[in-house]
Amino acid sequence: MTPHSLAFYVDVVTAGAVLGVRPGDSPEHATEVFGPDFAENSHSGHNMCRDYGLVEFYWDRARADHPWSGHHFSLQVHRLAYRDRTLVDGVLRARYGRFTPRLRFEKLQRLLVRRGVPLREVPELRANAPYFRTFWQPGSLVAISVIGTYGEYSTPERLRVGDVYRIHAPMTAEEVEWRRAQVG
């Protein structure tokens with residue numbers, strides 16, 4: 001048995017979904033799973049984010065009269081360091097229990113390796129290097145952003161080197177190749 005929230009993170013990285021909600025799913029499906037308690041931000045009627053605390057889903061559309069198209073999801077793991085008990089919604093707590101304030105990348109990676117789920121390090125964008133490192137799971141298209149080194153004004157002071165900052169999907173093979181081309 002994987003303790004507490006570690007099972008949640010393993011499930012997300014392995015499946016490329018959060019409680020079965022995939023990046024391309026509709027806002028209605030996300031609400032069915034997570035409930036109606038969310039903050040919603042919409043930019044000019046073409047982009048929308050629903051923030052469920054730890055979990056965020058993003059959609060876009062070409063015109064206001066078109067349906068929403070799922071773009072990506074993000075787990076804002078760094079928010080847990082503030083120890084706000086309301087951050088993790090009841091659906092996640094009911095299924096996975098309590099969530100620790102920090103997620104150590106080494107623990108997550110060790111559990112994923114045991115389950116045969118490999119991670120590959122991909123080049124970091126110049127604006128974020130060397131403060132962050134990114135690891136990618138090619139099967140699920142999930143990326144994990146990890147604190148690489150401390151930098152005043154560059155990394156959150158409540159996190160340590162080796163802590164997971166965020167988990168998001170999808171990161172496509174094309175994006176990985178684009179990153180490699182940027183680094184040279």
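What follows is a short chat about a few places in the model.

Modeller: Before you ask, this is a predicted model, so to speak: local features need pLDDT of at least 70, side-chain atom pairs count only at pLDDT 80 or more, and totals for chains, interfaces and linings use all residues. Residues are numbered from 1 along each chain as its sequence is written, and side-chain values use heavy atoms, with hydrogens and water left out.

Colleague: Is Ser74 buried or exposed, and what is its relative accessible area?

Modeller: Ser74 sits in strand S4, residues 69-75 (strands are DSSP runs of E, at least two residues, and helices are runs of H or I, at least four, numbered from the N terminus). Not counting residues up to four places away in sequence, Ser74 touches Leu54, Val55, Glu56, Tyr58, Arg166, Ile167 and His168 (contact means heavy atoms within 4.5 Å). Buried means under 20% relative accessible area, exposed over 50% and partly exposed in between, with a 1.4 Å probe and protein chains only. Ser74 is buried, at 1%.

Colleague: And which side chain does the side chain of Ser74 join in a polar contact?

Modeller: A polar contact is a pair of N or O atoms within 3.5 Å; within protein, one must be able to donate a hydrogen and the other to accept it, and residues adjacent in sequence count only if both atoms are side-chain atoms. Here the distance is 2.9 Å, and the partner of Ser74 is Gln76.

Colleague: What is the relative accessible area of Asp163?

Modeller: Asp163 belongs to the loop between strand S7 (142-147) and strand S8 (164-169). Leaving out residues up to four places away in sequence, Asp163 touches Arg102, Leu103, Arg104, Ser145, Val146 and Ile147. Asp163 is buried, and its relative accessible area is 0%.

Colleague: Why do the buried residues of H4 count as being on the same side?

Modeller: In helix H4 (residues 105-114), the buried ones are Phe105, Leu108, Leu111 and Leu112. They share a side of H4 because the arc they cover around the axis, taken from the directions to the C-beta atoms, is only 135°.

Colleague: Which residues are exposed on the other side of H4?

Modeller: The buried residues of H4 have cover that includes helix H1 (6-15), strand S6 (132-137), S7 and S8. Over on the other side, the exposed residues are Val113 and Arg114.

Colleague: What is the relative accessible area of Phe132?

Modeller: Phe132 lies in strand S6. Leaving aside neighbours within four places in sequence, its contacts include Glu124, Ser145 and Tyr165. Phe132 is buried, with a value of 11%.
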